[in-house]
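Please turn to the display, and we shall consider pockets and surface together.

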Amino acid sequence: PVFSEEGQLLAWVSRDPQFEAKEQAFLALPPEQRSKETKPAKHRFPSGFQRGLELFGQASVRLKEPGYREAIARHGIVVVEGFNDVIALDSLGVPAVAIMSNKLTDEQAAKIDRWARTLSDGKVSLLFDADDAGDAGAKEALWLLSQRNLQVRLLWSRQMHAGAYANRQPESLTRAELSALRGA
């Protein structure tokens, strides 16, 4: 479920469990045939739901969780790409929000800006997937958020940390890896 900041249900989103296999088959097609096919979708969103206006994990009730406000104040608003990233980091006690894509919108940037100024003295930590698409999205997000005079920190990329995290997603991080990345 995707909830509003006030905790109202906005949408139910589903993930195709066969996405990876479908994507592999799509990418294996010759380019001329691929151009005639529809690229497989990883997630299904209900019609009318505008994910670029919302953040997964944005419900304010999460701020009542023990230690969440302190973690946000210390490390900033942690921004990731996907649902599973938020859920996995949450299990490690790290509050995060997902943009439900690898492209941050102006509306999402405005929310992150407001929260960062309110909760973390303007600090934001980006933890997009350490792959081509994630690196490209992180660059754009870094630019958008820096233009708002926020203190934006990129926690990883394919090249950072001697490539140790290349092709990884935040959902795969262990507590020790996350602590090392955040400098805790």
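Predicted model: local features only at pLDDT ≥ 70, side-chain atom pairs only at ≥ 80, totals over all residues.

How many nonpolar, polar and charged residues does the lining of the second largest pocket have? The lining of the second largest pocket has 11 nonpolar, four polar and three charged residues.

Let us stay with this pocket. Its space amounts to about 290 Å³. In total, 18 residues line the second largest pocket, and those nearest its centre are Q58, S60, L63, W115 and L119. Turning to the elements, at least two lining residues come from each of α3 (68-75), β5 (77-80), β6 (96-98) and α5 (106-119). Helix α5 provides the largest share, namely four residues.

I now move to the largest pocket. Here the space is about 1,000 Å³. The largest pocket is lined by 31 residues, and F19, K42, H43, E81 and D129 are the closest to its centre. Two or more residues of this lining are given by each of β3 (14-15), α1 (19-28), α4 (83-91) and α6 (132-146). By class, the lining of the largest pocket comprises 12 nonpolar, eight polar and 11 charged residues.

Which residues make a nonpolar surface patch of about 340 Å²? They are F3, L9 and W12. Of these, F3 belongs to strand β1, which covers residues 2-3. Residue F3 counts as partly exposed because its relative accessible area is 35%, a value between the 20% limit for buried and the 50% limit for exposed.

Thank you for your attention.

Notes
Residues numbered from 1 in each chain as written. Heavy atoms only, no water. 1 Å grid on protein atoms, 1.4 Å probe; cavity = no way out; pocket = protein on both sides within 12 Å on 5 of 7 lines; lining within 4 Å. Points joined across faces, edges and corners; volume = space filled by probe spheres on them. Nonpolar A, V, L, I, M, F, W, Y, C, P; charged D, E, K, R; others polar. Patch = residues over 30% accessible without salt bridge, like charges linked within 9 Å, V, L, I, M, F, W, Y side chains within 5 Å. Areas by Shrake-Rupley, 256 points an atom, 1.4 Å probe, with all protein chains shown as cover. Salt bridge = Lys/Arg side-chain N within 4 Å of Asp/Glu carboxyl O. Buried < 20%, exposed > 50% of the residue type's maximum accessible area, 1.4 Å probe, protein only.
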